[in-house]
Amino acid sequence: MNLPESGAAFERVAETYDADSTDAPVSRWLRQQLWTWLAELFPSGSHLLELGCGTGEDAVWFARRGVRVLATDISPQMLALTARKAAQSEVAALVQTQPLDFARPETWQLPENAFDGVYSNYGALNCTANWSALGAALARAVRPSGYAAFSLIGRFSLVETLWHAAHLDLRTASRRWRGMGTARIGGIAFPIYYPTPRVFRRAFGAAWRLRALRGWGVFLPPSDLYGALARRPRLFRLLCKLERLVAPWALSAYLADQFWMVLQRC
Ligand SMILES: C[S@@+](CC[C@H](N)C(=O)[O-])C[C@H]1O[C@@H](n2cnc3c(N)ncnc32)[C@H](O)[C@@H]1O
């Protein structure tokens, strides 16, 4: 499989991805909130599809709870790390890995109605804007009444805008507003797309009904500013409390660094 730029970029940083990103305290805290949320949707015994699994952090967590996961990614190195993590955690029997390009659903060969749900976290789906084709393909792969749960990077991050505007960097302060930009990871540039929850939900199509929407990162900074917070543990704890308070408000999904959306297959 030819790697698109987004895949080539993550392929290059796969070995250090957990140390640089997954294990950052803000990342860990957010993932903990995410897991609490996902646990309600997908009980033990479910069979799930994951898109852009990265190093397999979520797949392994699910498998430890008795959920079977087909963990997919475009990066062979990410898939190898997922398989390794599953083996080390003794849940290899529940985590299957498979290369899959979520930007090109027309190339998939997934069985119909085979999954109880699908999920994709930490902005993987910001690497494509082909959400309409994705919604249609997932409507075939997920059984009726099954859930789709996604966390994506949003278009308007209040904290990011205020932070960079205060540092007179107006270009970075407004970098997401056009709905697309260029990310650079491992020295490789690739296009990145920033939908609002409304844009994403509409693109996903009529086969899916919106069930829940939350915003995370109204107060907590985006990942490039995590370092600044790591040195201020009391501030970190205060911001976490505030996040929990505002996350359930729909408006927060429009102002936060990332939004989480649950859709249900009609
Ligand atoms: C930001 S990481 C998120 C990883 C993981 N979901 C997590 O929670 O840590 C994005 C992942 O999407 C994958 N990816 C990027 N473009 C892709 C594509 N077109 N198809 C499938 N996976 C892709 C990358 O290889 C990377 O593993």
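Student: Is E57 buried or exposed?

Tutor: Keep in mind that this is a predicted model. To read burial, look at the relative accessible area: under 20% counts as buried. E57 comes out at 14%, so the residue is buried.

Student: Which residue forms a salt bridge with E57?

Tutor: For a salt bridge, you look for a side-chain nitrogen of Lys or Arg within 4 Å of a carboxyl oxygen of Asp or Glu. Here the partner is R28, with the closest N and O atoms 3.0 Å apart. That pair ties together distant parts of the chain, as R28 sits in helix 2 and E57 in helix 3, 29 residues apart. R28 itself is partly exposed, at 31%. Both belong to a network of salt bridges that also links D18, D23 and K85.

Student: How many salt bridges does a search of the whole structure find?

Tutor: It finds 10. One of them pairs D257 with R176, where the closest N and O atoms are 2.5 Å apart.

Student: What about E160, which residue does E160 bridge to?

Tutor: E160 pairs with R175, and their closest N and O atoms are 2.6 Å apart. E160 lies in helix 6, while R175 is in the loop between helix 7 and strand 6. E160 is buried, at 1% relative accessibility, whereas R175 is partly exposed, at 33%.

Key:
Residues are numbered from 1 along each chain as its sequence is written. This is a predicted model: local features need pLDDT of at least 70, side-chain atom pairs count only at pLDDT 80 or more; totals for chains, interfaces and linings use all residues. Side-chain values use heavy atoms; hydrogens and water are left out. Helices (H or I, at least four residues) and strands (E, at least two) are DSSP runs, numbered from the N terminus. Buried means under 20% relative accessible area, exposed over 50%, partly exposed in between (1.4 Å probe, protein chains only).
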